[in-house]
Amino acid sequence: MLMVCLYVDDLICTGNDRAMFEIFKKSMMVEFDMTDLGMMHYFLGIEVVQSDIGIFLCQKKYLLEVFDRFGMSNCNSICTPTERGAKLVKDPPGNNVNSTLYKQMVGSLMYLTATRPDIMYAVSMVSRYMERPKETHLLAAKRILRYLRGTTDFGIFYNKGAKSELIGFCDSDYAGDLDDRRSTSGYVFMLGFAVVSWCSKKQPIVTLSTTEAEFVAAATCASQALWLRNILKELQFKQKYSNRLFCDNSSAIKLSRNPIFHGKCKHIDVRYHFLRDLSKDGIIDLVFCKSIDQVADVFTKSLTVDSFKKFRKMLGVCTNGVIQDST
């Protein structure tokens, strides 16, 4: 899953830009039958609260409808969307559940990831078992709803006047899927103080080491960075310098820079090695960061309560524009 949120004119436009928008709106109203409704408040289930300090996006109304739909309005809340250390498998013991109901629940959760990156990993996990869901899978999906029950007011806050440097974080687990032993890649991009793009996805290949899994995750992240750079360029926010991608695996960073390691990674699919070219050309700068500061961890594995809340805060997930340290 992926979502890109771009700053609207109230956040990034100059006075001349706003004047241009006004001229454009008036010219459109001459040609077409249009009504200026003013500032956006609600769009496709996403609530938009604009103020002098920034923009707050949430899906509270939609979430309340989801609770009613699946009979979870009075459920007990919980601190994290996944149980620490819990692993799901394709065919666990237990009875089958209604696959239609399960698919509807997971589909609703997928749409909520548009403003809730903190549930991205959990939703990605439960979405892998829609073909033949069991009781264990349904309980995992309901746990996500229980977490959302306690954080109904949460969303993403985009601060006005934030810096326009695009930075990314990439991470992976290693052989986390117990069925096929594939790893999970996770990345997140920030523009200012909140996230604009995020992803949690199982890798398409089986990796043979932690370094290889991290390298594949970094290559996927670099591909997204290249796309975001082009988008920002079209919006007249060209990135002047190389974009930093933070990775907590020093071997993967060396592999992206030093061709000496090529003999150890010939088996890696060729499409992942374009990361070296991006690094060489100065488009991407893969930078080491400590695991305790690797915010992309929240997209690759279940975490302790303290770690989860720390990374949720770093993602800019908050309530009413104020980041909460606890639920």
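How many helices and strands does the protein have? The protein has 10 helices and 10 strands. Helices here are DSSP runs of H or I with at least four residues, strands are runs of E with at least two, and both are numbered from the N terminus. The model is predicted, so local features need pLDDT of at least 70 and side-chain atom pairs count only at pLDDT 80 or more, while totals for chains, interfaces and linings use all residues. Residues are numbered from 1 along each chain as its sequence is written, and side-chain values use heavy atoms, with hydrogens and water left out.

**Overall packing**

Of the 327 residues in the protein, 47% are buried. Buried means under 20% relative accessible area, exposed means over 50%, and partly exposed lies in between, with a 1.4 Å probe and protein chains only. Among contacts with a separation of 6 or more, 73% are between residues 24 or more positions apart; a contact means heavy atoms within 4.5 Å.

The largest nonpolar core has 79 residues. Such a core is a set of buried Ala, Val, Leu, Ile, Met, Phe, Trp, Tyr and Cys residues joined through side-chain atoms within 4.5 Å. Helix H7 (residues 210-234) gives the largest share of this core, eight residues. Leu109, Leu148, Phe189 and Leu315 have the most contacts inside the core. Leaving aside neighbours within four places in sequence, Leu109 is in contact with Ile119, Val123, Ala141, Ile144, Leu145 and Leu148.

**The five-stranded sheet**

Five strands form an open sheet in the order S1-S2-S3-S4-S10, with antiparallel pairing. Strand S1 (42-43) and strand S10 (317-319) are the edge strands; each has a single partner strand, so one side of each is left without a neighbour in the sheet. Two strands count as paired if DSSP finds at least two bridges between them.

Strand S2 (residues 46-50) and strand S3 (residues 54-58) are antiparallel and share four bridges, and Val48 is opposite Leu57 in S3. S3 is joined to S4 by five bridges, again antiparallel, with Phe56 opposite Phe157 in S4. Three bridges connect S4 with S10 in the antiparallel sense, and Gly155 has Cys318 in S10 as its bridge partner. Five of the six residues of strand S4 (residues 154-159) are buried, so this strand is largely enclosed by the rest of the structure.

**Helix H6 and its surroundings**

Helix H6 (residues 135-149) has 15 residues and spans 21 Å from its first C-alpha to its last, close to the 21 Å expected at 1.5 Å a residue. The expected span is 1.5 Å times one less than the number of residues. Buried residues in H6 include Leu138, Ala141, Arg143, Ile144, Leu145, Tyr147 and Leu148. The cover over the buried residues of H6 includes helix H3 (60-69), helix H4 (99-112), helix H5 (120-126) and helix H10 (305-314).

Thr82, in the loop between H3 and H4, touches Arg143 as well as Tyr121, Ala122 and Ser302, not counting residues up to four places away in sequence. Thr82 counts as buried at 18% relative accessibility.

**Aromatic pairs**

There are four aromatic pairs in the structure. Rings of Phe, Tyr and Trp (its six-membered ring) pair if their centres lie within 6.5 Å; planes under 30 degrees apart count as stacked, over 60 as edge-to-face and the rest as tilted. Two of the pairs are set out below.

| Pair | Centre to centre | Angle between planes | Class |
|---|---|---|---|
| Tyr147 and Phe308 | 5.5 Å | 80° | edge-to-face |
| Phe169 and Phe246 | 5.0 Å | 25° | stacked |

Tyr147 in helix H6 and Phe308 in helix H10 are 161 residues apart, and their pair links distant parts of the chain. Tyr147 is buried at 0% relative accessibility, and Phe308 is buried at 4%.

Phe169 is in strand S5 (residues 166-172) and Phe246 in strand S8 (residues 243-247), so their pair ties together parts that are 77 residues apart in sequence. Phe169 is buried at 9% relative accessibility, and Phe246 is buried with a relative accessible area of 13%.

**Two lysines**

Lys61 lies over the face of Tyr42, 5.2 Å from the ring centre. A charge sits over a ring if NZ of Lys or CZ of Arg is within 6 Å of the ring centre and within 35 degrees of the ring normal.

Lys201 belongs to strand S7 (residues 195-202) and is exposed, with a relative accessible area of 55%. Not counting residues up to four places away in sequence, Lys201 touches Ser124, Ser183, Thr184 and Ser185.
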